[in-house]
Amino acid sequence: MDFLLSYLALASIYVMLGLSTNLLVGIVGIFSVSQAAVFGVGAYIVGHFLMAAAPMPFLAALAIAMLCCITLNILVTLPSLRVSGDYFVVTSFGIQLLATAVFTNWTAGTGGASGMPGIPPPDLFGYQLQSTWQLMALCMAGMLLACLCFWLVMRAPFGRLLRAIREDERAVAAAGKSVLRAKVSAAALAGAFAGLAGGIYATFLSFIDPSSFDLDASILLLTMVVVGGARTLAGSIAGPFLLLALPQILTLLDIPTTFAATARQLIYGLLLIAFMLFRPQGLLGERL
Amino acid sequence: MHPGLRYGLALLASLVTAGTAAAETIHLGAVIPLTGPAAVVGNQELRGIQFAIESANAKGGVHGNKVDVQFEDNQAKADQAVLLFNKLVDLQHIPMMFVGYSGPTLAMAPLATRKQVLLVNAGAQADKLSTASPYLVNTLPSTSDEVKVMVKYLAEQGKKKAAVLYENDAPGIGGRDDFVDLFPKSGGTIVAQEPVQFGQTDYRPALLKLSAAKPDVLYVVITAGMPSLVQQLHEMKPDFLVAGSTFMADPAAIADPASNGIVHTQVQIDAPPDLAAAFRKRYGADMDFFARQYYNAAQITLTVLDRLVAENKPITGKNMHDALFQIHKFQGLIPMEFNSNTATVPIGINEMKDGKDVTLRQVTAQ
Amino acid sequence: MILLQLLINGLVTGCALGVVAISFALVYSTTRIFHVAHAGVYTLAGYIAWLLLSHGVPEVIALAAAALVCAATGALIQHQLYARLERRGATHLVVLIASLGLLAVMQNIIAAVFSPNILQFPVPWANRTVALGGIALTYAQLLTVLICLAAYAGVVWFAHFTALGKRIRAVASNPFLAQITRLQPNTVYVYVVAIASAIVALPGVLVPLDLGLQPYGGITPLLTATIAMIAGGVGSISGAFLLSIVIAELQNLSLLAIPGEWSIGITFFIFVIFMLFRPTGLFSTAR
């Protein structure tokens with residue numbers, strides 16, 4: 001049972017990240033391989049405050065994490081506004097690699113390469129969450145909250161504005177709407193989702209280290225969005241659930257272990273290529 | 001009743017029941033990195049375990065019960081390790097698993113305590129592992145144990161100024177921290193430190209910077225890339241001693257004459273030649289340090305299983321844990337004793353000479 | 001003489017990086033595709049050479065064969081993947097993601113076939129050192145500088161003095177015009193990726209000859225090379241090559257001032273700042 005619960009919990013966390021990435025990459029059209037970095041910041045901040053000399057209640061730490069991630073995401077996507085698409089690609093890679101360098105080397109703040117073990121489970125208004133069931137429920141709650149938020153935003157005028165920007169940025173600007181403000185707001189929301197995911201992740205796993213927030217993680221997020229479907233809520237949910245299940249499905253097939261492991265990475269790569277060639281809108285999404 | 005008689009009757013009873021019990025497969029697990037840069041090590045660990053289990057099964061298994069190990073790839077990541085741990089325990093009720101790599105193992109440790117699953121680590125040496133969980137046993141000394149031995153040796157050799165080259169990840173930083181802590185305590189000073197990335201093979205800039213500080217010994221803590229390091233050190237024609245730990249014992253590096261004079265602590269674990277040859281035949285690769293370590297760990301596990309089946313006890317994590325500490329002295333590839341969660345094994349000081357790794361002396365870790 | 005040694009080492013790394021940069025720039029400026037899978041081709045070159053050398057093939061032939069295989073691979077990638085994507089009207093983002101996927105596929109096939117271990121080239125003379133003044137260089141390092149400089153010169157000559165080269169530059173400067181004046185940009189694209197792949201095979205073989213071969217190590221040099229390309233100004237071959245050397249030197253020399261673990265981080269940090277204030281690069285040709 002615990003296995004199913006931990007799968008659901010991790011999938012929920014990745015759905016929140018999927019929403020974050022989808023907002024940025026799918027809806028606004030900013031290529032980003034640095035979402036894992038923002039995720040990491042959220043996780044480390046919550047971890048830090050939960051283990052501080054005077055530990056903070058979980059929700060307070062989470063709020064701080066989300067605020068920081070909002071700010072960070074805005075800063076991180078600002079270059080994309082000045083720089084044309086392809087150049088921003090390199091910048092985004094650079095930001096991710098820089099973040100990994102900070103996570104690994106700033107030992108005082110993040111525990112460095114050895115990570116941050118022993119993060120306590122969260123307490124909500126005095127009630128301490130203990131069992132895997134309860135933790136999973138927390139992850140699910142976060143996911144549902146994020147999904148609701150995303151859905152509401154997309155239905156609102158702001159959502160229509162974002163879609164319009166994707167279609168034709170200049171027309172939107174000519175119509176007098178502030179493209180810059182819309183993009184920045186989208187980035188902020190994406191940051192909030194990533195921060196939420198990070199905080200819950202830290203407390204669920206009780207141990208975080210830089211390897212969960214590296215370039216490979218960012219690429220996995222991109223794969224989830226691409227496969228699940230860009231720009232839609234359904235896609236952001238389908239992608240993570242499917243891709244997290246993939247390694248487990250692979251183990252059911254009787255592939256020799258040494259090959260199975262590389263096979264998984266290979267399949268992710270092939271999925272990306274196949275989807276881009278034959279179904280760029282993913283399973284449940286709209287055209288990228 | 002006389003204790004001997006009681007034991008004899010129990011033994012008799014178990015012999016009778018063991019003979020009549022149906023032979024079942026014993027399922028164990030292994031959560032190690034099989035993809036990504038850490039796969040180099042993970043694959044050797046897999047082979048070591050597999051080799052031991054296959055040999056045991058070929059001889060009839062544990063009292064007629066075959067042993068099966070389910071290997072899972074954690075990609076050296078903590079979250080994957082947790083997922084896989086839960087999967088093995090929930091879906092397959094695995095009582096014990098082999099683990100490696102400090103990060104993921106530390107993540108699994110609290111779960112192991114909670115679920116009473118035995119974790120056997122034969123590859124990671126982070127200091128925190130000794131106390132991470134009562135259910136985590138380490139069959140090799142921690143980094144600090146090895147560093148203690150080397151520091152003592154260096155002090156005897158009159159080395160006073162040390163530079164440190166370390167890998168910028170958990171094992172490297174752990175080793176660096178231990179050395180920087182212990183070397184001054186025996187009268188030396190640290191003159192310089194430089195990190196390198198895991199898998200980075202261009203050590204020249206770091207080596208230049210370190211040698212400029214004029215050390216009399218360079219302490220190296222890297223887990224991959226030894227052959228390149230050895231060559232690049234040789235290019236520099238250093239006037240300082242190069243020292244390290246078991247991580248250094250890369251066969252290609254040892255064989256290279258450029259490595260002459262390098263000393264390192266070595267967790268003593270050798271494979272008898274016929275075993276090494278059989279391994280080579282089976283896998284087409286040498287039985288390196290990790291393969292030997294995990295072969296040894298598998299043998300320990302088999303001994304524990306043997307005891308449990310003989311005493312007709314159910315194979316649970318708790319029982320395996322208790323049996324391990326009860327037996328507490330094992331003879332696998334090397335003799336090993338468990339007085340705490342970390343085994344006491346002999347640590348040697350080796351020197352690389354003319355393509356061979358020669359043991360200068362042996363110390364038993366405290 | 002640590003400073004001089006650092007500078008010379010930086011020159012070696014810089015030249016290798018420079019060839020990666022100019023080959024990538026060749027593809028990018030012509031096809032506008034951010035060909036991340038170029039890192040996969042770079043990695044492949046080393047393994048092909050290693051495979052041949054392990055079977056006793058002479059070094060020069062191994063190098064040439066690696067270049068040929070890479071050229072074919074590059075042509076295949078352009079013709080089968082990128083061209084197809086373009087026909088379906090794929091956006092830049094889609095092509096980029098497909099390229100990322102291809103990189104993952106290439107790296108993992110290599111890892112599956114050759115194992116993820118770091119492999120050493122069976123070329124004993126490569127690590128013998130040559131002493132020049134107060135500094136030491138291995139033959140591998142020496143070869144890297146010489147061959148990469150030659151490659152740079154070759155590309156410059158090719159671009160400016162051959163018919164195909166001029167055709168490529170024409171297509172690069174105005175694809176639409178090229179289409180209607182029957183310069184056949186699609187065929188040109190295939191040539192371009194093939195040539196770029198052959199060129200990148202050179203550092204792809206020489207760098208691992210010196211430092212060892214591993215499957216997952218291609219992306220960092222590629223990213224650094226693209227930084228050089230952008231900072232030098234897209235379209236400027238010399239800019240890309242020069243900036244590569246500058247970045248390599250900066251990384252080496254920064255070791256003297258800051259702790260080593262930050263040197264890669266600092267490179268990207270500087271780049272990000274650069275992008276904020278001077279996104280068009282130092283030597284960009286007018287567009």
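The radius of gyration is taken here over C-alpha atoms, and the globule rule against which it is compared is 2.2 Å times the number of residues to the power 0.38. In the predicted model described here, chain C has a radius of gyration of 19 Å, which agrees with the value near 19 Å that a compact globule of 287 residues would have. The C-alpha trace of chain C spans about 60 × 50 × 35 Å along its principal axes. Of the 287 residues in chain C, 57% are buried, and among the contacts in this chain with a separation of 6 or more, 77% are accounted for by residues 24 or more positions apart.

The secondary structure of chain C consists of 11 helices and 2 strands, and these elements follow one another along the sequence in the pattern α-α-α-α-β-β-α-α-α-α-α-α-α. Two helix pairs of this chain are considered in turn. Two packed helices are described by the angle between their axes and the distance between the axes.

The crossing in which α2(C) passes α4(C) is left-handed. On the side of α2(C), the contact is made by A39(C), G40(C), T43(C), L44(C) and Y47(C), while α4(C) contributes L102(C), L103(C), M106(C), Q107(C), I110(C) and F114(C). By residue class, the contact of α2(C) with α4(C) comprises 8 nonpolar and 3 polar residues, with no charged residue.

In the second pair, the axes of helix α3 (residues 59–87) of chain C and helix α8 (residues 185–211) of chain C come within 7 Å and cross at roughly 145 degrees, and the crossing of α3(C) and α8(C) is right-handed. The residues that α3(C) brings to this contact include L63(C), A66(C), A67(C), C70(C), A71(C) and G74(C), and those brought by α8(C) include Y189(C), V190(C), V193(C), A194(C), S197(C) and A201(C). The contact of α3(C) with α8(C) divides into 18 nonpolar and 6 polar residues, and no charged residue is included.

Chain A contains 12 helices and 4 strands. Its radius of gyration is 19 Å, close to the 19 Å that the globule rule gives for 288 residues, so chain A is as compact as a globular protein of that length. The C-alpha trace of chain A extends over about 55 × 50 × 35 Å along its principal axes. Buried residues account for 58% of the 288 residues of chain A, and of the contacts in chain A between residues at least 6 apart in sequence, 76% join residues at least 24 apart.

The contact between chains A and C takes 34 residues from chain A and 35 residues from chain C. On the side of chain A that touches chain C, at least two residues each are supplied by α3 (58–82), α4 (85–105), α10 (215–228) and α12 (257–278) of chain A, and the largest share, 14 residues, comes from α4(A). The residues on this side of chain A divide into 25 nonpolar, 7 polar and 2 charged.

The contact between chains C and B takes 22 residues from chain C and 23 residues from chain B. The elements α1 (2–31), β2 (135–138) and α10 (237–257) of chain C each supply at least two residues of the side of chain C that touches chain B, with α1(C) providing the largest share, 4 residues. The side of chain C that touches chain B is made up of 9 nonpolar, 12 polar and 1 charged residues.

Within chain B, V180(B) is found in helix α6 (residues 170–185). With 16 C-beta neighbours inside 10 Å, V180(B) counts as partly exposed, since a residue is buried if 20 or more such atoms lie within that distance and exposed if 12 or fewer do. Leaving aside its neighbours within four places in sequence, V180(B) is in contact with V164(B) and I190(B). The C-alpha atoms of V180(B) and Q157(B), which stand 23 residues apart along the chain, are separated by 18 Å.

Key: Residues numbered from 1 in each chain as written. Chains lettered and ligands numbered in written order. Predicted model: local features only at pLDDT ≥ 70, side-chain atom pairs only at ≥ 80, totals over all residues. Contact = placed C-beta atoms within 7 Å. Nonpolar A, V, L, I, M, F, W, Y, C, P; charged D, E, K, R; others polar. Left-handed = near helix turned anticlockwise from the far one by under 90°. Axes fitted to C-alpha atoms, helices over the stretch in contact; angles between N-to-C directions.
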